[in-house]
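Q: Can you walk me through this one? I'd like to take it piece by piece.

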Amino acid sequence: MAIDLNSCIGCTACVVACQSENNVPIVGKDQVLRGREMHWMRIDRYFSAEKYDQTEVPDDVQVSFMGMMCQHCENAPCEQVCPVNATVHDSSGLNTMAYNRCVGTRYCANNCPYKVRRFNFFDWNKRQIGEVYKGPLGPVDEPELEKMQANPNVTVRMRGVMEKCTFCTQRIESAKIEQKRLAGASDDIRIADGNIKVACQQACPTDAITFGDISDANSEVSQMKASDRDYSVLGYLNARPRTTYLARLRNPNPEMPDAYEKPYAYAQYDERYGHGSHGDDHGGDHGSEHVAQASDDHDASHDPHAAPAHNDHGHDHSSHSEEAHPAH
Amino acid sequence: MATTTQESSLDATQAALLAKVQPAELHEQPLVTNDRDFNWVTDKICRIVETKTPMWWWVCMAIALVTASFTGMGLLWLVSSGVGVWGLANPINWGWAIVNFVFWIGIGHAGTLISAVLCLLKQGWRTSINRAAEAMTIFAVVCAGIFPLFHVGRVWFGWWLFPIPNSNGIWPQFRSPLEWDVFAVSTYGTVSVLFWYMGMIPDLGVLRDRAIQRLTKGAYEGCGFMTKSMDVFRKYFYGVAAMGWRNAGNHWRNYEMAYLVLAGISTPLVLSVHTIVSFDFALAVLPGWHTTIFPPYFVAGAIFSGFGMVLTLMLPLRALYGLHDLITQRHIDNMCKICLGTGSIVGYAYIMEFFIAWYGANPYESFAFINRAFGQYWWAYLMMFSCNVFTPQLFWFKKVRCNTAMVWVMSIFINVGMWFERFVITVTSLANDFMPSSWGYYSPTMVDILTFFGTFGLFSVLFLLFLRFLPIMPIAEVKFVMPAADPHGHHDEEKGGQH
């Protein structure tokens, strides 16, 4: 999968589509405030401005959006630490989640550097929202209409199991089945590019998300990944995520009155603004406002604490020097 | 004659010289003071079991049972409603439960060190504390084991972590540190119980034999609580438990050999078990967790907190049962010195972590450590640092070591500090990790808190039962290290103790 950050406008249609497609439970306001929202996909926002003194919102704030879902790492940190083999890698490169094997130790969620895994802390589907703390003494709430709303191709998960983006494996499987059906006796079971549309990709109004077969050099996603702007988030961790991002470019006109020199790399940012000057530690819910002190014109995740993501461009196969980025 | 005079004058000169250069006789403090004899030791230890239960025991037991019920209720609510009754959320998926697990397992390591490592190192002073310390280990492992079992989302499938046939037909994932925990903790529990029980057999035999003797003599008038019916119970209870111990020479020979074998097996466990527990953290990618200092750091910390707990238990016991001649100032001194040593290693580890975070120039790592000290959990870090680094350094001073009340208070500080250390490690690295959009803040709920404090109740219940029904010291081992057992002859201190 490749996500073009230039195209992403942060509309969160992908989040809603993912929730509808995969029966992601609704947890209610109280649980969201406690940080237990179940969305498999989230939109991270990174803000930048020339000056930020933490007392007021600057006038010239710019925002970059980054949709985060399971990166389906080839060298997944989550797979290594699950004690019961509930999360494994399948032959098509997906990091799969076996709900019926998961006992819920939550080590996988701890080890995921992207924090894309969601744990079912309560029986969201079985108990009434707001009454979950009563456990078996609370009211059972499984109205037929809500059940009919769910996607029959996807299970609903009970409490105590971990869930995450599956690259809409049900859609992948139905495409495979359809292709095999069409192939009949012949061997032509390769799915044509564009026949699988995952939910987030389908909903995206700007076609920022591209999904397909990376073993096929002619597929759209392979061409996206061949771009110079392509990088992996937190690539230095060597998790080798299969979801890569195409860096956001800004092309400000240097003759504009409010133009200013933006640092290229983390080292320059650090020199200019000092390390650890960012003091806002309240994470709160995901996707909350998070203001960075420098603005970069070539990347989205320029938060000082996530800086190396743009620093190394995350290319798994080559190392570009920090200066070799698209010029403006 | 001239030669004799010469010889005798030579002797005189030599004697005079020797008197000048000979170093002063160092009187090593005996391990059992006040010139006690063997019978006193046996009587002292056995009478704790044989006499009427003191009132303080009933009071403590009542409080302990009530406290332990909190754990029961907390776990019941947890399993019936879901992990959400705890304070966990994204991204802090491990909170008090794992902190408590590491805390209790760490405490257990001191008992095994005293029993096994000090045995192989031939440290005689271990004898009056090793039985109770080993009991502490076993009960600590029981308390610890509750948490990794119950913190999982689906406790009823917890058995899938064991490599036994299951409904999915698949093995556990052996590359996971949690899986290694299963093996480490179960091995540790098994070996500890075996060692403890096997070591107790001669003493259980003594209790059985004393009960039989009293029954044979039959003189029970005016003996207070030592009633005949209790002795009949003791005869059978300790009779079964002593497994036919006959105090024979070949029994003792086998016993000594088995003891050494089990000590040899337990010794590597002191290092390996907490190393594997530390791997739960060290093998993750999170900054602040992913460091190679964790195994020695955790093991040193475990011994540190364990000895703190031994002191917390032993000092009141010493006062309540009048064991001052058996647990002497020398014992307390040695335990304080071990606390000082391991506490210094822990302090060094803190400083080294900071240094490496700076030296390694990894911005995530350096942020993780600055955040620990100055971020949202600065208060926990302060508790940890002050209790663990400053407190044990006071043990350099003999005045402090000799002040029993102060030692006891400090031993509690040590354990509080060590709990906070595990809290800081677990929660700060999870709360503020790679992606700031996922940062959060963890607060325990009442269920978290009560479940943890309930385990102290559970520990106390088990320990009180141990005190009441089992010999709290190994009678024979204490006798081995008494001055009266010295094969070169026993001289009391007025005679200068030369042999």
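Q: In chain B, what share of contacts between residues at least 6 apart in sequence join residues at least 24 apart?
A: That share is 82%. Keep in mind that this is a predicted model.

Q: And what's the figure for chain A?
A: In chain A, 65% of the contacts with a separation of 6 or more come from residues 24 or more positions apart.

Q: How many helices and strands does chain B have?
A: Chain B has 16 helices and zero strands. Chain A has ten helices and ten strands.

Q: What about burial? How much of chain B is buried?
A: Of the 499 residues in chain B, 46% are buried. For chain A, 45% of its 328 residues count as buried.

Q: What does chain B span along its principal axes?
A: The C-alpha trace of chain B spans about 100 × 65 × 45 Å.

Q: Let's talk about the core. Which residues touch the most other members of the largest nonpolar core?
A: B:Met136 and B:Val310 do, in a core of 201 residues. H4(B) gives the largest share of this core, 17 residues.

Q: Which residues is B:Val310 in contact with, leaving aside neighbours within four places in sequence?
A: B:Val310 contacts B:Ala110, B:Ile129, B:Ala133, B:Met136 and B:Met335.

Q: Which residues of H4(B) and H8(B) meet?
A: On the H4(B) side they include B:Val102, B:Ile105, B:His109 and B:Leu113. On the H8(B) side they include B:Ala263, B:Leu269, B:Val273 and B:His274. By class, this contact has twelve nonpolar, eight polar and no charged residues.

Q: Another pair, then. How do H2(B) and H6(B) pack?
A: Their angle is about 80 degrees, with axes 11 Å apart. That makes H2(B) roughly perpendicular to H6(B).

Q: Which residues meet there, between H2(B) and H6(B)?
A: B:Thr42, B:Cys46 and B:Val49 in H2(B) meet B:Val206, B:Leu207 and B:Arg210 in H6(B). The contact has four nonpolar, one polar and one charged residues.

Q: New topic: B:Phe150. Where does it lie?
A: B:Phe150 lies in helix H5 of chain B, which covers residues 130–150.

Q: Why is B:Phe150 called partly exposed?
A: B:Phe150 has 18 other C-beta atoms within 10 Å.

Q: What does B:Phe150 touch, not counting residues up to four places away?
A: B:Phe150 touches B:Leu75, B:Leu78, B:Val79 and B:Val155. B:Val83 is 67 residues away from B:Phe150 in sequence, and their C-alpha atoms are 9.0 Å apart.

Q: Last one. How many residues of chain B are in contact with chain A?
A: There are 49 in chain B, and they contact 51 residues of chain A. On chain B's side, H3, H6 and H11 each supply at least two residues. H11(B) gives the largest share, four residues.

Q: And by class, on the side of chain B that touches chain A?
A: That side has 28 nonpolar, 17 polar and four charged residues.

How values were computed
Residues numbered from 1 in each chain as written. Chains lettered and ligands numbered in written order. Predicted model: local features only at pLDDT ≥ 70, side-chain atom pairs only at ≥ 80, totals over all residues. Contact = placed C-beta atoms within 7 Å. Nonpolar A, V, L, I, M, F, W, Y, C, P; charged D, E, K, R; others polar. Core = buried A, V, L, I, M, F, W, Y, C linked by C-beta atoms within 7 Å. Buried ≥ 20, exposed ≤ 12 C-beta atoms within 10 Å, placed from the backbone. Axes fitted to C-alpha atoms, helices over the stretch in contact; angles between N-to-C directions. Parallel < 35°, antiparallel > 145°, perpendicular 65-115°, else oblique.
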